[in-house]
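Open the model in your viewer and keep the sequence panel beside it. The stops below say what to select and what is there.

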Amino acid sequence: MLWPFNHFRKPRTPPRGTIEAIYGMIVTQAREPLFYRALGVPDTVNGRFDLLVLHLWLVLRRLKPMQGGAALSQALFDRFCDDMDANLREIGVGDLTVPKRMQAFGEAFYGRAAAYDLALTEGREALAQALCKNILNGEHIDKADRLAAYAGAAMAALDSFDDAALSNGSAKFPSPDKVDAGQ
């Protein structure tokens with residue numbers, strides 16, 4: 001017999017090690033120097049944030065259809081928020097200002113995710129335009145096209161991994177220098 005109050009139980013959250021592995025994979029890729037040297041991503045706090053958001057969006061997009069993907073996605077987003085909070089405090093942002101900055105980070109993430117989702121429905125040129133606007137400060141559409149080609153290759157790579165490889169953090173992003181913009 002099922003206990004009648006099981007629905008009051010807190011939903012299971014993915015193990016902390018799983019989230020750390022996936023988030024570590026995202027952060028490592030977002031720190032890849034080739035993005036900054038070859039693809040024109042500004043090597044600034046904002047540029048690094050935007051690249052982190054792009055990779056987080058790519059992984060969350062892949063997790064969505066997985067069994068347990070919603071809980072994994074939420075835990076991964078929570079880890080991102082914890083990281084942003086810790087970074088703000090580390091650079092000396094005061095306790096009263098942190099919530100305002102966190103709200104701005106959340107709005108930035110959701111705005112970019114919505115723009116990238118919409119662009120995906122319209123094709124690679126639209127994705128390049130969205131990436132140009134959000135990551136490259138509206139400049140260098142040629143580099144944005146290469147970044148869009150990379151995003152497409154990253155989506156294909158993430159889609160090729162089985163759910164277990166993705167959820168344990170052993171999936172890998174493609175190297176940005178191995179992507180052909182003419183794809």
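Is Ser73 buried or exposed? Select Ser73: it is buried, with a relative accessible area of 16%, where buried means under 20%, exposed over 50% and partly exposed in between, using a 1.4 Å probe and protein chains only. Ser73 sits in helix H4; helices are DSSP runs (H or I, at least four residues) numbered from the N terminus. Leaving out residues up to four places away in sequence, Ser73 touches Leu60, Leu63 and Lys64, a contact being heavy atoms within 4.5 Å.

This is a predicted model, in which local features need pLDDT of at least 70, side-chain atom pairs count only at pLDDT 80 or more, and totals for chains, interfaces and linings use all residues. Residues are numbered from 1 along each chain as its sequence is written, and side-chain values use heavy atoms, without hydrogens and water.

Next, select Val59, Leu76 and Phe80, which touch the most other members of the 61-residue largest nonpolar core. Such a core is a set of buried Ala, Val, Leu, Ile, Met, Phe, Trp, Tyr and Cys residues joined through side-chain atoms within 4.5 Å. Helix H3 gives the most to this core, with eleven residues. Around Phe80, the residues touched include Tyr23, Phe49 and Phe109.

Now select Glu20 and Arg79, whose side chains form a salt bridge (2.7 Å, N to O), that is, a side-chain nitrogen of Lys or Arg within 4 Å of a carboxyl oxygen of Asp or Glu. Glu20 is in helix H1 and Arg79 in helix H4, 59 residues apart. Glu20 is partly exposed at 29%, whereas Arg79 is buried at 17%.

Finish with Arg112 and Asp50, joined by a salt bridge (2.8 Å, N to O). Arg112 lies in helix H5 and Asp50 in helix H3, so the pair ties together parts 62 residues apart in sequence.

Note on methods:
Helix = DSSP H or I, 4+ residues; strand = E, 2+ residues; numbered from the N terminus.
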